[in-house]
Each structure stands twice: as C-alpha cells, then as structure tokens.
Amino acid sequence: MIPIKEFAGQHVAVFGLGRTGLATVRALQAGGAKVHAWDDNESARERAIEQGFELVDINKRDWQIYSALILSPGIPYLHPEPHRVVKLAKMVGVEIIGDMELFARAVNDLPEHARPRIVGVTGTNGKSTTTSLIGHILMKSGKDVRVGGNIGVGVLDMAPLHANAVYVLELSSYQLDLIESLKCDVAVLTNITPDHLERHGGMSGYIAAKRRIFRNQTERDTAVIGMDTTPTQAMMMKLSATGKQTCVGVSSQYALGRGISVVEGRLFDSQNGRAIQIGDLRDIETLPGKHNHQNAAAAYAACRALGLQPNMIMEAMRSFPGLAHRQEVIGKIGRTTFINDSKATNGQAAVQALKSYPKVFWIGGGVAKSDGLEDVQPFFGHIEKAYLIGEAQKQFSKELGNTVPHMLCGTLKRAVVEALHDANASDEEDPIVLLSPACASFDQFKDFEARGEAFRQIVWSMMDENERLHATA
C-alpha cells in the first residue's frame, strides 16, 4: 500500500467502492485522513462492509467539511452529465481528483533523487497487453517493477514508493480525465479509435483525455506513440513540433524512417536513422497478429527508453505468457481450437483477432457500441459462420445480412455448442471457434473477465478428461 498523507487530519469523501475506491480508502486512512466512503450501489456497499470498511452516506453530510472528493473512474465526471456528487462538490468548491492524482502527488512530494520511475500506458486497444509486456520485460531484466492501475492491482494498493522501483501503470481515459500532476518518464499511447465517446462529449474530448498522459513530460522523458491510427499520427506531429520530450513512433503497418517498426513479423529499430533487425516476433506464440506486433514494438521502445539492451528485451519477450481473455487459447475438442478474446469489447478490438486467422467460427454479441460492426465489416470474409448472443444479436444479424451465415443463439453456452458442432463438421483442417464479442458484457455478465471465464468453463465442461489435462498443463 502507498499511504497518502496529503490529507492527514482532514475530512475526505471517497465515492465509488470498486477495486480502486477501496484501495483509495485504505491509502487515505493509512495516511491519517478522516475518510467518508460511499457508493450508490447497495451491493458495493455490502461488499465493503464485509471487508471491514465503515461507510458514511456523503449525500447527507455538510460538504463544507470536505477537503477533497476522490472519484472512482467509472463515475461520470463531465459527460454525458456530471454525477450528482460531482455537482455537489463543485457547488461548494471541493477539489475533485482520482486515485492516480493521489499517487502522482505522493511521488512529487518526494525529493527528486528518491522518486521511482513511471511508465504510463494508454490507448483504445492494446494497453493491457503492452502494460503487462513492459512489466514482464523489466521483471526478467532484474528490475523492481510494479504493474497495475487500470489492470490488476489498484495503484494505491501497490508496494510503497522508493527510488529504485519502476511503476508500470495502465491508464484509462476515465483516469486521465482526473489527472493533473502525473509525470511519466515514459508515456505510451498505443492507438485511438472511437470508444467511450458518451463519457468524453465526442471524439475530440476522447482524444484530449488520451493526450493528458503527455502533459507533464520534459526533455528528459519519452513519448512512445503508435502510428497506425490517424488521431495518433496527428498527435505525434504536434508533440514532435513542440520538442518538449523525445518522441518515438512505433508501427506494425509502416516501415518508419525513424522509430520502431514491425515488417512481416520482424522487429526493426531505426531510431538512429538506420534500420537494425532486433528479432522475429512470429516466433512468439503469445503475441499473434499485427496488433500484438505493434504492442511489442511499443513495449520495446519503452524499455529501450529505460536503458535496457535490445537482446535483453527480445529474450524477455520470448517468455511472455500472454494475458487471459486476449486471444487466449483455451484448449481443443477434437480438431477444434477454442480462443478466448472476451476483452474485445468493441469492433476495432474484434478486428485484431479476426485478422489473425483466415477463417473462424465467430461468437459475437452483448451490449453493442454505437458503431456496431462497422469496423468488422471489411473482415466478414474471415467469418465462416457467426453465433450471436445477448442484446446485440438482432442488430448484428441485420448487419451481417446475407453476407455471413449466422444464427441467433441468445446464450453463450448455446453459441459454444452450435459452433463446436459446425466446426467439427466443416472441411477446415484445424477449425477455430473464436469468442471476440465486439461488445460490452453487461447484459449477461459482470464484466468481460466474467464472460471469458464462463466461456472457459463451458469449453472445459465439454472436454473429456485427457483434453482437460492437456489444456491446463
């Protein structure tokens, strides 16, 4: 835990009692603050009480007593409309910040020689893989590394600050909206495609939120920017023009004159103007497809900026275990391989998986984003047959039309059963059933992780004992 001493002896409101909210309460209390914690959701309150937290209904308190409101990232801050507690705080002039800002201030309060190094990673897609890969490389290289933020451990639940540590933090656009003073030694932006637009008032607001990751960098810091989307290309041009920090472009689509590129699976470093082949990413089974090649290029660039040598980085990449729910191979039933890509909660993310395989029996659906299957449409040819679930199944059926054979399955279990039947009956030598929903999960599951776990359990329940043993080996 990282104790937050800034508000020692003061009253602080914490709203939202998920993973980050509870970590915030613990950190503030450890630093001597008088914390009033609350959540509108009764289940969240019950879970907090079960864990020993004392709650205070901040809706019934005099807000003049609060020095700050610590807002969990999932609570609407500006759009589509500020939450009620946000309005209350603004009415009485109470500062509104998030857990990442508390972390940043704790770092900035240390003497410069005692501060840890910070790597921040954001982007519409790929940020979790890139964050985890950077952490894995640093760990294999003998560094004292802590990985968390929007992934895994909440930032304030991480080990205490010290000068030799490296904190690798995944940052969501929601978290970035609440950050003012975070300074990243290395800031990584993987890509930007439309997502969460209702929470940022449109695409310009979403881009502005992502750009905040670079706001406090200096000439000693490095910005790593994916060059495979138009908004990030524009951001690269603007940042490079300021000369404020070192900018490194990365791409799996283009051979960059200066930067890090992946060409036909081979990683090249041309930061000094001459392309040097570093290694072949096609040998790494846990990083399949061009999108993962860009993630690997970004991780390589970040680790080079931290002083690691190319051969050390490549060696560590080869042992990367991959992430659950991100093109995770669950196992095989007969000839058919099942792949769990439940993390693909929008069309662009699903495209990355579809591009990785020539033909798949595709399971999609859930709560659709505003653009539906617009991004997926150019890759309909990769879908042998679609099995649609959840709220989006009728919408997706219309979008697939007569172009892609499909059926409305409703539930994930039925989709798996039908997909396995068709895959085993097909002429494909090694058929693939791919769960890559292009949708949020909230109609049928708590989150994408719960959806992925359900998929895993359904598949495993259909395996015989030998197949299960092989899958879990």
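Predicted model: local features only at pLDDT ≥ 70, side-chain atom pairs only at ≥ 80, totals over all residues.
**Reading a sheet, its cores and its salt bridges**

Biologist: Which residues touch the most other members of the largest nonpolar core?

Modeller: Leu169 is one of them, together with Leu28, Phe103 and Phe214, in a core of 49 residues. Helix H4 (residues 99-108) contributes the most to this core, giving six residues. There is also a second, separate core of 37 residues, with Val121, Leu287, Ala296 and Tyr300 among its members.

Biologist: Now the sheet. In what order do its strands lie?

Modeller: First the general idea: strands of a sheet pair through backbone hydrogen bonds, and they do so either parallel or antiparallel. Here, nine strands make an open sheet with mixed pairing, and the order is S6-S7-S5-S8-S9-S10-S11-S12-S13. At the edges are strand S6 (144-149) and strand S13 (276-280), each of which pairs on one side only. From one strand to the next, the twist averages 20°.

Biologist: How many bridges join strand S8 to strand S9?

Modeller: Four bridges join S8 (residues 186-189) to S9 (residues 222-226), and the two strands run parallel. To find the place on screen, look for Leu189, which stands opposite Ile225 in S9.

Biologist: Which strands does helix H9 touch?

Modeller: Helix H9 (residues 230-242) packs on the sheet and touches S8, S9 and strand S10 (246-251), its direction making about 160° with that of S10. Helix H10 (residues 289-305) lies across S5, S8, S9, S10, S11, S12 and S13, and runs at about 155° to S10.

Biologist: And how many salt bridges does the structure hold?

Modeller: There are 19 salt bridges. In one of them the side chains of Arg26 and Asp157 meet at 2.7 Å, N to O. Arg26 belongs to helix H1 (residues 19-30) and Asp157 to the loop between S6 and strand S7 (165-170), so this pair ties together parts that are 131 residues apart in sequence.

Biologist: Are Arg456 and Glu328 buried or exposed?

Modeller: Both Arg456 and Glu328 are buried. They form a salt bridge, with the closest N and O atoms 2.7 Å apart. Because Arg456 lies in helix H15 (residues 448-462) and Glu328 in strand S14 (residues 328-333), the pair ties together parts 128 residues apart in sequence. For a network of salt bridges, look at Glu6, Glu95, Glu101 and Arg105.

Methods:
Residues numbered from 1 in each chain as written. Heavy atoms only, no water. Pairing = 2+ DSSP bridges. Axes fitted to C-alpha atoms, helices over the stretch in contact; angles between N-to-C directions. Contact = heavy atoms within 4.5 Å. Core = buried A, V, L, I, M, F, W, Y, C linked by side-chain atoms within 4.5 Å. Buried < 20%, exposed > 50% of the residue type's maximum accessible area, 1.4 Å probe, protein only. Salt bridge = Lys/Arg side-chain N within 4 Å of Asp/Glu carboxyl O.
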